[in-house]
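This report describes one protein model and its ligand.

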Amino acid sequence: MTAEQPAGSGAEIENLMAEGRSFPPDPGFAARANATKELYAEAAADPEAFWAKLARERITWQEPFHTTLEWDLPFAKWFLGGKLNITENCIDRHVAAGLGDKVAYHWIGEPGDTRTITYADLLREVQKTANALKELGVGTGDRVAIYMPMIPELPIAMLACARIGAPHTVVFGGFSAESLVDRINDAQAKLVITADGGWRRGKPVDLKSAVDEALTRTPSVEHTLVVRRVGDAQPGTAMTAGRDLWWHEIVDRQAADCPAIPLDSEHMLYLLYTSGTTAKPKGIIHTTAGYLLGTSLTHSWVFDVKPDDVYWCAADIGWVTGHSYIVYGPLANATTGLLYEGAPDTPSWERWWQIIEDYKVTILYTAPTAIRAFMKQGEALPRKHDLSSLRLLGSVGEPINPEAWLWYHENIGGGSAPIVDTWWQTETGSILITPLPGVTTTKPGSATFPFPGIEADVVDANGASVPLGSGGYLVLKRPWPSMLRGIYGDPERYRATYWGRFPGMYFAGDGAKRDSEGYLWLLGRVDDVMNVSGHRISTIEVESALVDHPSVAEAAVVGKEDPLTGQAIFAFVTTKAGIETGDALAAQLRDHVAKVIGGIAKPKYLIFTPDLPKTRSGKIMRRLLRDVAEGRPLGDTTTLADAGVVETIRAGAGGADDE
Ligand code: PRX
């Protein structure tokens, strides 16, 4: 973890904070809101009692818990002694309450095919799939990797795993075979659930051949279960006899009855891999009861979800946003959700607005990158559609610039729908910093205040709280129910990464400022993690992918501000002696990164340089490379071993190869 100053210039944030525009809650909305302002005081008075009460109220327990929290810093256990099954909470109890015919998901395939899945359908399909898992030898505690497009079988597969207590690890379908290998091997997964492919921008995207490639190096995997999604549109899906099984052949013939196993509150629900400051992604551990409480509670209070809402979180389930706010939170609240398989620009940039109009979507949750992409297409497109059903909008994944916030408010929210800018992380499991609609006066660009029961602070380099109006590092000072329980297989790394920088505090890796009224303004990552389109990518992961290419001697990667994607990847590459550099090699290297990690990690800019700026002890000075990437005046160069090198790089960067 570097001890550099938080990213984002002070002047810029002063300007944002000086804008002074604020949006008080609409009294009509406030009168019916799920959240109230009293919750803050109640939670602050006794956080443990607050969580315990909600856990009793909101969760259906098979056995009640006897202890709310065991906190052996940094290891937390919540709701000890309790037994539950998250799928009973997400499905069975709703069907038992008479909601079997309520729609759980309206699914829309990119080509235009649709499916409607009720809670009764979900219960049946999850039980059949759970029985199929058992037949394939998957038992409680076994890990299952899931690598799928956005089709209904994806949440069904996750829930089937959860029903029998087999932790899942979902790998985003855009990741490469190599990334899949690392995750499968780290998790020691026994089964891979996948599909022949999915639809993206009018074309089938092959997933099965990436699985085949990965499976040459994953000895723990015994079987794959393959959904036929694209079928004849992509002929030639290879099935290895004895290992690969078609979903429809195995799942369809199962009995539709598979009891929900009672599991401990702390039973591992899933692993989700995320980039940290090293080349090796971390398997973030989430467990059952605390995660269920965190996701269902925030889903209810932050999105103000009511029984008749049509809720659309437009993330991919492969990221934590999809786990928490497409699958577990909304289903726990018996919500009707929308699942869309494809790209926002297919067949045109009106696709989302058409969907909202057709399904009368009331709540939309998306990322600033998507909002900026829509802004670029102009307001005429949303205006062609009736978006009047929308009553609340959410934002997540990266700081939202006030311009995008205001555009979203005016053009999508009709100037009246409240916007919730929600800050959280894979590690936090659920939303931690956010307005409560109907309660909080919002300011465009600020995620406002910690959720009730969450104690966040902004501290200086020594861990001391900074005064109002100042910036520093965002920390969390108390455990919370949906927090990560560790990094899979590496408790020391967990302690060092999150709890080592400031003793007794969770360090999120983000910089933040707090204005004179205590509003929090997130400033982005302060470590070697980039945020591209709301996705975390480690600079070091991209560097190792580049260095893995036979032509490359050394590489350094930094994030450069980007008007669309928040940050863009900028790579500085030194080749081995005698290698000819040029556009062809640059293209080859970009493709190589995509092959090693996935398309999202492809550098947007790539320049060849004869050397990299290093300190006398050989450490690459990324700070200077960031200055070069941003075209800023260079910072202090006195510790450089060779002061001339940045000037040479800078001269070369003028012609940075922009993809
Ligand atoms: O830098 C913060 C940024 O996204 C990081 C977490 O990334 P990930 O674990 O992939 O989860 C993304 C979805 C929850 C954070 O450390 N981030 C997330 N939400 C916001 C944000 N930055 C500013 N404002 C937000 N609302």
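In strand S11 (residues 223–227), 5 of its 5 residues are buried, where buried means under 20% relative accessible area, exposed over 50% and partly exposed in between (1.4 Å probe, protein chains only). Strands and helices here are DSSP runs numbered from the N terminus, with at least two residues (E) for a strand and at least four (H or I) for a helix. In a regular strand the side chains alternate between the two faces of the sheet. One face of S11 carries His-223, Leu-225 and Val-227, the other Thr-224 and Val-226, and all of these are buried.

The model is predicted: local features need pLDDT of at least 70, side-chain atom pairs count only at pLDDT 80 or more, and totals for chains, interfaces and linings use all residues. Residues are numbered from 1 along each chain as its sequence is written, and side-chain values use heavy atoms, with hydrogens and water left out.

S11 pairs with S8 in the parallel sense over 5 bridges; two strands pair if DSSP finds at least two bridges between them. Within this pairing, His-223 of S11 stands opposite Leu-191. S11 is also joined to strand S12 (residues 244–246) by 3 bridges, again in parallel. There Val-226 stands opposite Trp-246 of S12.

## Strand S6

Strand S8 (residues 191–195) also runs parallel to S6, with 4 bridges between them. Leu-191 of S8 is found opposite Val-144. Strand S6 (residues 144–147) is covered on both faces: Val-144 and Ile-146 are buried on one side, Ala-145 and Tyr-147 on the other.

S6 has a further parallel partner in strand S7 (residues 168–170), to which 3 bridges join it. Ala-145 has Thr-169 of S7 as its bridge partner. With helix H7 (residues 153–164), S6 and S7 form a right-handed β-α-β unit. Right-handed means that, with the strands pointing away from the viewer, the path from the first strand over the helix to the second runs clockwise.

## The ligand

Which residues are closest to the ligand? They are Asp-421, Thr-422, Thr-426, Asp-510 and Arg-536, out of 17 residues that surround the ligand, each with a heavy atom within 4 Å of it. A polar contact is a pair of N or O atoms within 3.5 Å. A nitrogen atom of the ligand lies 2.8 Å from a polar side-chain atom of Asp-421, and a nitrogen atom of the ligand is 3.4 Å from a polar backbone atom of Glu-398.

The protein buries 97% of the 540 Å² that the ligand exposes when taken alone, with areas from the Shrake-Rupley method and a 1.4 Å probe. Helix H12 (320–332), strand S20 (419–422) and strand S25 (520–525) each give two or more residues to the shell.

## Backbone details

Two peptide bonds are described here. The bond between Leu-73 and Pro-74 is cis, with omega about 5 degrees, and Pro-74 is in the loop between strand S1 (67–72) and strand S2 (75–80). The bond from Thr-346 to Pro-347 is cis as well, with omega near 0 degrees.

Arg-201, a residue other than glycine, has a positive phi near 50 degrees. Arg-201 counts as partly exposed because its relative accessibility is 43%. Asp-304, also not a glycine, has a positive phi of about 55 degrees. Asp-304 counts as buried because its relative accessibility is 2%.

Technical notes. A polar contact is a pair of N or O atoms within 3.5 Å; within protein, one must be able to donate a hydrogen and the other to accept it, and residues adjacent in sequence count only if both atoms are side-chain atoms.
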